[in-house]
Amino acid sequence: MNVTEIFETMEYGPAPEAATPGLSWIKEHSPFGLFINNQWVKPASGQYIDSINPATGKPLAKVAAANSADVDSAVAAARAAFETWGKTPGHVRARYMYAAARHIQKHSRLLAVLESLDNGKPIRETRDIDIPLVARHFYYHAGWAQLMESELPNYQPVGVVGQIIPWNFPLLMLAWKIAPALAMGNTIVLKPARYTPLTALKFAEIIQEIGLPPGVLNILTGEASQVGEALVRHPDINKIAFTGSTDVGRSIRRATAGSGKKLSLELGGKSPFIVFDDADLDSVVEGIVDAIWFNQGQVCCAGSRLLVQENIANRLIEKIRVRMEHLRIGDPLDKAVDIGAIVSPGQLKEIQRLVNKGVEEGAVMWQPSWACPTEGYFFPPTLFTNVSPATTIAQVEIFGPVLVSMTFRTPTEAVELANNTRYGLAASVWSENINLALDVAPKLKAGSVWINCTNLFDASSGFGGYRESGFGREGGKEGLYEYVRPKWEMLETLSEDIHIAKDPMSANGSGPMSSPDEEAEDAMQDQSLGSSNGYVAALPAIDRTPKMFFGGKQVRPDSGYSRDVYDPPGRMIGQVGQGNRKDIRNAVEAAHAASGWAVGTTHNRAQILYYIAENLSVRENEFTHRIVQQTGRSHEDSVTEVEASISRLFSYAAWADKFEGVVHRPPMRGAVLAMPEAIGVIGIACPEEYPLLGFISLIAPAIAMGNTLVVIPSQQSPLSATDFYQILETSDLPGGVVNIVTGDRDMLSQILAEHDDVDAIWYLGSAEGSKNVELASAGNMKRTLVNYGYPRNWLDTVQGEGEEFLRESTQVKNIWIPYGE
Ligand code: NDP
């Protein structure tokens, strides 16, 4: 082809990157060992597996196949290293991480070539996106290592962390996991994906180069069934961080339930790409290329559902087809290639299966006229039109270069369609009207929203999902909390506090115990009535029937049964409704109907919390008596509990308009608004101890942040909560924000944990109950806060109050807003 022809056709010539440096490095090292204690060791099984080049289908390298014996060795190495690494000053950790970032840059081209060879992604992407972002993550988190002591003074590392990563961004996912874990002082055992181990092994070499202490990072290659599952079940691992499919995420949630392991899950998505009729369509087309053909569409946050306003749909679809015709597919090491190879034959088959399904379901498929290479695993960019929202291809994550398009008429319809998915990872909004875009963004149920841009990532801005896209964030300050735990939570010293839960009557033992008789009498405020003839008759107290409380109304239990409430000596002091499945269903419905609470002003929420505190203060004596009556604790102790409850309400009223987001400045022209949003409907099972303070400590942060609640009060002592609805009724709290269901706490918690319309569950009870809640939560991947049977001292503001509860009440949405013409 001569120059004139090139000008006429605008055809690119080949621009190959040399594979030789990568292939030579592989040849020098293959077969690769396991990386344990900074040494390369042979796998216990003596087995090796091939890593294949997806662009050719030919083997690239042999890597060790670890088994559970190797997992034991790596965890032991990490545990031993934690003894010192966990106490190493932040500045020292920062120096190692800074060195890691530097060394990644020094080896950047080799890493980019290896990634393209092993994964099949275009070198343009590995060179310009993956590897620079990997370095950025280490630089950014070196900063947090340095600042941990001053910025997170009340936190300590979690311990030994097991990390399991997928094949779509092998080195980037490694960086997202390793950098915050190291910064916070944890030690690590990491399992790369079976198909893409090579850059993790090159990274192990970098770890040797920078002299990170042995055992701090261990890397085990091998099969999920041998390594992944053994990590998940290992008793000496304190946290699992996983990125991958929702099904495996769900199985990990179940496998770790009740183990006390911290868990973060970054799972699948079916992200909407919304185009309004005033959008700049040429930019939109380029956005679509980045949304769904970047990395062959094997991206958890790929904009795989195109939602386009009806009046411009035909015009846009035509433009997309023209662009698709010009996309270049082929050798990933060719710098002029847009689309590389699919990672494996299995993944290729799955994409083809789903595409066939789309055709069978009546959608119209379109592919460019050119053919894919015949060697290796390639799939052409594919566009579906005439798609109905309930079909398989509109709902299931295809994880390939397949775009599914639908139309909408109004912004409301766009939001409804966008949220019509079980996932909630990301979304893009395209409009030249910033008012419209910023109005729509908060309504989208997604962890990241990109305005007039897509698939942007940065270490400063947390990434992670809502709903079945998982929980936990990677990146940003919020991502650090995945790798720390509160300092007070030293399990080995908890035994000292256990008396708080086991024996609430003697809690804080200050002051003499008053006689329950005296107090109960006092509480009942017995009166007598004298007649003019001198006869004095006892006046029985008027029967009070605590009810349940849904939608702002007092409601009798569906079952028609009541349960008796006893004081410590065993006398009946009242009866509450015996809640059942139907009551929970009604309470959840009421909570959903009150969702407007989340969009009200924070000032209003603060005002209402102050008002609740004011009304509680007016009835301080009555609430004190109730605590004495139910728990037999001293009057003085009970006064302390009520006063602490009032103070707690004040704290969360204060926080309501102060727990705000931040504006990130990633390296681009623009800003990222990181906004904490309410989670939605939270189910709360209150602790047995502190019937009033336990209840207030949980409901106050949740409502301060805009959630609506279904609350199960203390089972033994529910009357403080049922008395409390009278305060809620008179404090301007909208009906349905707090709903109260009394009864068997564990049975009701189970129903709440299984309920698909509940977004999070907090359970403060037994170890067994915590396990059951975690297990049941896997259905719709709810967020959980449980205590594994360990009590908190609710009177202590460090344990019972503060940012931990505000974070549990919110999820961060990052809204990316580029600017400039
Ligand atoms: P998986 O979820 O199976 O794999 C992700 C990682 O988890 C890999 O390291 C894998 O190991 C490991 N793993 C698999 N099963 C277990 C287990 N039971 N216990 C512990 N670890 C386990 O994803 P696939 O690679 O099978 O891809 C399937 C689908 O998942 C894709 O089509 C896509 O829809 C989705 N996916 C989503 C990703 C995301 O970023 N959200 C990333 C990758 C896939 P091994 O590699 O050895 O199997």
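Let's start with a word we'll need: a residue is buried when its relative accessible area is under 20%, exposed when that is over 50%, and partly exposed in between, using a 1.4 Å probe and protein chains only. What you're looking at is a predicted model, where local features need pLDDT of at least 70, side-chain atom pairs count only at pLDDT 80 or more, and totals for chains, interfaces and linings use all residues. Residues are numbered from 1 along each chain as its sequence is written, and side-chain values use heavy atoms, with hydrogens and water left out.

The protein's mean pLDDT is 93, with 93% of residues at 70 or more. Over residues 491–531, though, the pLDDT is below 50, and this stretch has 58 contacts in the model beyond near neighbours in sequence; a contact means heavy atoms within 4.5 Å.

Now for the inside. In soluble globular proteins, nonpolar side chains tend to be buried together. We call a set of buried Ala, Val, Leu, Ile, Met, Phe, Trp, Tyr and Cys residues a nonpolar core if they are joined through side-chain atoms within 4.5 Å. The largest one here has 114 residues, and F138, V275, W293, L306 and I320 have the most contacts inside it. Take I320: leaving aside neighbours within four places in sequence, it touches V285, I288, W293, L306 and L383. A second, separate core has 53 residues, including A606, I608, L709 and F724.

What about cysteines? Counting a disulfide as a pair of cysteine sulfur atoms within 2.5 Å, the model has zero disulfides. C453 is in none, and the nearest cysteine sulfur, that of C301, is 12 Å away. C453 counts as buried because its relative accessibility is 9%.

A cavity is a set of points on a 1 Å grid over the protein atoms alone where a 1.4 Å probe fits but cannot get out, and lining residues have an atom within 4 Å of a point. The largest cavity holds about 90 Å³, and of its 17 lining residues, S264, G472, R473, E474 and E482 are closest to the centre. Strands are DSSP runs of E, at least two residues long, numbered from the N terminus. The strand β10 gives the largest share of that lining, three residues.

Finally, find G570, in the loop between β24 (562–566) and β25 (572–577). G570 is partly exposed because its relative accessible area is 43%.

Conventions. pLDDT is the predictor's confidence in each residue, from 0 to 100. On a 1 Å grid over the protein atoms alone, a cavity is a set of points where a 1.4 Å probe fits but cannot get out, and a pocket is an open set with protein on both sides within 12 Å along at least five of seven lines; lining residues have an atom within 4 Å of a point. Grid points are joined across faces, edges and corners, and a volume is the space filled by probe spheres set on the points. Helices (H or I, at least four residues) and strands (E, at least two) are DSSP runs, numbered from the N terminus.
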